[in-house]
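Please keep the sequence and the structure at hand while reading.

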Amino acid sequence: MLYRRLLVSAFLLSPPLLLAAQQLPVEPRVTALLQQMTLEEKVGQLNQYSGRELTGPASNRKTSLLSSISSGQVGSVLNVKGVADTRAIQAEALKSRLKIPLLFSLDVIHGYQTVFPIPLAEAASWDLDAIRLGAHVAAREAAASGIHWTFAPMVDVGRDPRWGRVMEGAGEDAYLGAEIARARVLGFQGEKLGGTDAIMACAKHFAAYGAATAGRDYNAVDLSPQQLWQTYLPPFKAAADAGVATFMNSFNTLNGIPATGHRYLQRDILKGQWNYPGFVVSDWGSIGEMVPWGYAQNAADAAQMAITAGSDMDMESDAYRHQLAQLVKDGKVSPDLLDDAVRRILRKKFELGLFDDPYKFSDAKREKRVLSDPQNRAAARQMARKSMVLLKNDNATLPLTKQLRTVALIGPLAKAKRDLNGSWTVDSQDTTRITSLYEGLSQRAGKTTRLLYARGCDISGTSRAGFEQAVAAANNADVVVLAVGESWDMSGEAKSRTDLHLPGVQEELFRALQATGKPVAVVVFGGRPLIFNDIADQAPAILYAWWPGSEGGAALADVLYGDYNPAGKLPITFPRSVGQIPLSYQVYNTGRPVTKPGDIRYKSAYIDAPNTPRYAFGYGLSYTSFRYSDLRISRAQLQAGESTQVQFTLTNTGKVAGEEVAQLYLRDPVASVVRPLKELKAFRKVYLKPGESQTVTFTVGPDQLAFYNQQLQWVAEPGAFTLMVGSASDDIRLEGTVELRP
C-alpha cells in the first residue's frame with residue numbers, strides 16, 4: 001500500500017517524486033493515474049474532437065472546446081497541426097486538474113508536407129522498403145509539427161474500383177495487403193513508440209469496409225465468415241502483429257451489425273483472440289450513426305452498444321461525452337469496461353512520453369529543419385518512379401530518346417499540379433511544392449528538344465474547342481505525350497462512381513491525335529482503376545501514373561526518358577467494363593468453367609465480353625525483358641509441418657538494367673472448401689543488369705498451404721498443390737507440384 005500511495009502522489013506532488021515515477025514501467029503509472037480520476041475525467045479521455053476552429057477566429061465552438069479541454073473533458077484533438085498551435089492547445093489541457101496531455105491526430109495518409117504517391121500507387125511498387133521509407137518520412141515531418149497520431153494505414157482489401165477509397169489501400173490481395181500493412185506500420189511508428197521521428201499508426205477500417213455493397217461508401221457489407229477470415233482480416237492481423245498503436249472501426253455494417261457496435265469484431269477477435277493491447281477509435285461520428293442505421297434507438301443506446309462492443313474513443317459523435325457517465329451510474333455499462341478503455345488510451349500517452357514532456361513533439365527548430373530536408377523530396381520522387389506501371393509499349397515507343405527534336409505534350413493534366421497530389425493531402429491549397437508533368441519534361445528535355453503544349457480539352461465536359469490546336473501540335477511533333485485521367489476529387493472518400501471510363505471527351509481527343517499517325521504515348525492519372533478501352537487497344541504506349549504526389553512530374557520525366565526503368569505491377573485488377581465488377585484474379589473455377597476461348601455455351605461467362613480483365617493483378621511491363629527458367633522444388637512430398645524450397649533462375653534478356661517482381665502463386669485443386677484458381681503466396685523484387693541471372697528462392701510451408709475451412713479452422717489438408725511462378729497472375733512462366741501427405 002505504501003508503494004501505491006507514493007506512486008499516486010508522484011503525479012501530484014513534488015518534482016523529486018515525479019522524477020522517480022517517470023522511471024517506473026508504464027503499467028503502474030497508468031494504474032496510479034486511473035485511481036486518481038473521477039468518472040467524468042475518465043469519460044473525458046474517450047472524447048475526440050476536430051480542432052479546426054481552435055486556430056481560427058473567436059466563436060462559440062472555439063470557446064466551448066477550449067473550456068472542455070482545460071477541464072479535462074477531451075482526450076484527443078484532430079485537424080490541428082504545427083508547433084505553435086499544438087503547443088498552445090496542449091497548454092490548455094495542462095490546465096486541467098490531472099494535467100493529462102492531449103493526443104494530436106491528423107489524416108497523414110500519403111505524406112505530410114512532402115506528398116508521396118497515393119497508397120494504392122505505392123502498393124504498385126511491390127517494394128516494401130520504399131513503402132516503409134515513405135511512411136517514415138511522413139511520420140518524421142508530422143511528428144516535427146506536433147502530431148502524435150495518424151489515421152493510416154488503411155488496410156481494407158478492395159476489389160471494387162467503384163469504391164473511391166480503393167485509393168487509400170493496397171489493392172485486392174490479402175497477402176500483398178498484409179505485407180504492405182506491416183511495412184507502413186513500422187514506417188510510421190519505428191520499432192518502438194516514443195521517438196520524435198515517429199507517430200502512432202492506425203489500422204483502418206475494421207472490418208471489411210472494402211466489400212461495401214455496390215462499391216458505395218458507408219454502405220452495408222454481407223460477407224461469409226470464411227471470406228472475412230481468409231480475405232479481409234489478414235492485413236489487420238499483420239498490422240496488429242507489427243504493433244500498430246490503434247485501430248479504427250468502419251462505417252459499414254457487417255452482416256447486419258454496424259462495425260462500431262460489433263462485439264465479435266472488437267471484443268472477440270481483436271481484443272480477445274488477438275490479445276490486442278492498443279485502443280480502438282470510432283470513425284467520424286460512427287457511434288451516433290448507429291441510430292440512423294436502425295441498430296440503436298438513441299445516442300445513449302448507441303454509446304452503450306459501442307463501449308460494450310469495444311470502441312474506446314468516440315470521434316465527433318458526442319455520444320460518450322453526454323451519455324457514458326450516466327450509463328455507468330445506472331449500471332448499464334460496467335466501470336471495468338470504462339477503465340479498460342481509459343487504460344488503453346493512457347498507455348499510449350505514456351508510451352509516447354507525453355507525461356514526461358507534453359511538448360516533446362512541438363519543437364520549432366526541429367520543425368523547420370525536418371520540413372526543409374531535401375531528402376524528403378528525393379524519397380518522394382523515388383517512390384513515384386517505383387509506383388508507375390507500364391501497361392503497354394509497342395515498337396519501343398518509350399523511353400523517349402534524346403534524338404527527338406519536338407515533343408508535343410497534350411492533355412488536360414499536362415500542366416496539372418493539384419491533381420497530382422490526389423485526395424487526402426494535409427495542405428491541399430499549397431501547389432508551390434508540386435512539379436507538373438510539363439515542368440518535369442521541360443527540365444529533362446533540355447535545349448535540344450522543343451516542347452509543344454496544348455490542353456486539348458478539360459478533364460470533364462464536352463467541349464472540343466481545343467482539339468484543333470492539339471492536332472496541330474501533334475502534326476508538328478515527332479511524338480505525342482498525352483496526359484489524361486481523373487481529377488483529384490474524383491476518387492477518395494464519398495467518391496463512389498458507377499462509370500469508370502475516362503471522363504469527358506478525353507478518349508475522343510486521343511482518337512483525334514492517333515489519327516495524325518504520330519506515335520502517342522499516353523500517361524494516365526487516377527486514384528483507381530479506370531476504363532479506357534480505345535486507348536488500351538490503339539495507343540502504342542501507356543504509362544499508369546496514378547496520383548504520383550508532389551514530385552510526380554519529375555518522376556514521370558525520369559520514367560518517360562528512361563532514366564528510370566519502370567517496374568511497377570498492378571495491385572488491383574483493371575476491368576474491361578463496370579459490368580465485370582467486383583473483379584479479382586482470385587476467381588473460382590465454377591461447375592461450368594470456360595475451358596476454350598469462344599466456347600461459352602451454357603458456361604459461366606458473359607455473352608458480350610470476355611471474362612478476363614483488361615489488365616490483370618500483378619501485371620506490369622519493363623523497358624527490358626526477363627526469362628524464367630529451371631524450376632526446382634527441393635521436396636516434392638511433404639509431411640505435416642514440413643516446408644519445401646521453390647527455386648528458379650531469373651535472367652534479364654534485354655539491353656537495359658531493370659527490376660522484375662517475380663510472383664509465386666498456389667492452387668489447391670481439391671479441398672473441403674472450394675479454393676481459388678490462384679492465390680499469391682510470395683513475391684520477390686529483383687534487380688538485374690543486362691544478361692545477368694539470379695537464383696530466386698521461395699519457401700512453401702504449412703502457412704502457404706493452409707486456409708480457413710467451414711469451421712473457421714486454419715488447416716492444410718493433404719493432397720496435391722500446384723505451384724506457379726510468373727510475371728503476373730495471368731502470365732505464369734513455370735509450374736510444379738508439391739504433395740502434402742496425410
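## Helices 18 and 24

Helix 18 (residues 374-387) and helix 24 have axes that come within 8 Å of each other and cross at roughly 50°. The crossing of helix 18 and helix 24 is right-handed.

On the side of helix 18, the contact is formed by Arg381, Ala384 and Arg385. Helix 24 contributes Ala554, Ala555, Asp558 and Val559. Sorted by class, the contact of helix 18 with helix 24 comprises 4 nonpolar and 3 charged residues, with no polar ones.

## Confidence in the model

The model is predicted. The average pLDDT of the protein is 95, and 97% of the residues score at least 70. Over residues 1-21, however, the pLDDT is below 50. In the model, this stretch has 21 contacts beyond near neighbours in sequence.

## Helices 20 and 24

Helix 24 (residues 552-560) also packs with helix 20 (residues 437-445), at an angle of about 50° and with the two axes 7 Å apart. Helix 20 is therefore oblique to helix 24. The crossing in which helix 20 passes helix 24 is right-handed.

Which residues make this contact? Helix 20 provides Leu437, Gly440, Leu441 and Arg444, while helix 24 provides Gly553, Ala554, Leu556, Ala557 and Leu560. By class, the contact of helix 20 with helix 24 consists of 6 nonpolar, 2 polar and 1 charged residues. Ala554 is listed in the contact of helix 24 with helix 20, and Ala554 is also listed in the contact of helix 24 with helix 18.

Helix 5 (residues 60-70) and helix 6 (residues 83-93) pack at an angle of about 55°, and their axes are 6 Å apart. This angle makes helix 5 oblique to helix 6. The contact involves Leu66, Ile69 and Ser70 of helix 5, together with Ile89, Glu92 and Ala93 of helix 6. By class, the contact of helix 5 with helix 6 has 4 nonpolar, 1 polar and 1 charged residues.

Leu94 lies in the loop between helix 6 and strand 3. Leaving aside residues up to four places away in sequence, Leu94 touches Lys99, Pro358 and Tyr359. Leu94 and Leu228 are 134 residues apart in sequence, and their C-alpha atoms are 43 Å apart in space.

## A parallel sheet

Strands of a sheet pair through backbone hydrogen bonds, either parallel or antiparallel.

Strand 3 (residues 103-106) pairs with strand 4 in the parallel sense over 2 bridges. What is the bridge partner of Ser105 in strand 4? The partner is Trp149.

## Features of the backbone

The peptide bond that joins Ala152 and Pro153 is cis, with omega at about 10°. Pro153 is located in the loop between strand 4 and helix 9 (174-189). A cis peptide bond also runs from Lys204 to His205, with omega near -5°. His205 belongs to strand 5 (residues 202-206).

Ala208 is not a glycine, yet this residue has a positive phi of about 70°. Ala208 is placed in the loop between strand 5 and helix 10 (225-232).

Another open sheet has 5 strands in the order 18-26-25-20-21, and its pairing is mixed. Its edge strands are strand 18 (637-638) and strand 21 (679-688), each of which pairs on one side only.

How do strand 20 and strand 21 run, parallel or antiparallel? Strand 20 (residues 658-667) and strand 21 run antiparallel and are joined by 9 bridges. Val661 stands opposite Lys685, a residue of strand 21.

Conventions. Residues are numbered from 1 along each chain as its sequence is written. This is a predicted model: local features need pLDDT of at least 70, side-chain atom pairs count only at pLDDT 80 or more; totals for chains, interfaces and linings use all residues. Side-chain values use heavy atoms; hydrogens and water are left out. pLDDT is the predictor's confidence in each residue, from 0 to 100. Contact means heavy atoms within 4.5 Å. Two strands pair if DSSP finds at least two bridges between them. Helices (H or I, at least four residues) and strands (E, at least two) are DSSP runs, numbered from the N terminus. Axes are lines fitted to C-alpha atoms, for helices over the stretch in contact, and angles run from 0 to 180 degrees between N-to-C directions. Angles under 35 degrees count as roughly parallel, over 145 as roughly antiparallel, 65 to 115 as roughly perpendicular and the rest as oblique. A crossing is left-handed if the near helix is turned anticlockwise from the far one by less than a right angle, and right-handed if clockwise. Ala, Val, Leu, Ile, Met, Phe, Trp, Tyr, Cys and Pro count as nonpolar, Asp, Glu, Lys and Arg as charged, and the others, Gly among them, as polar.
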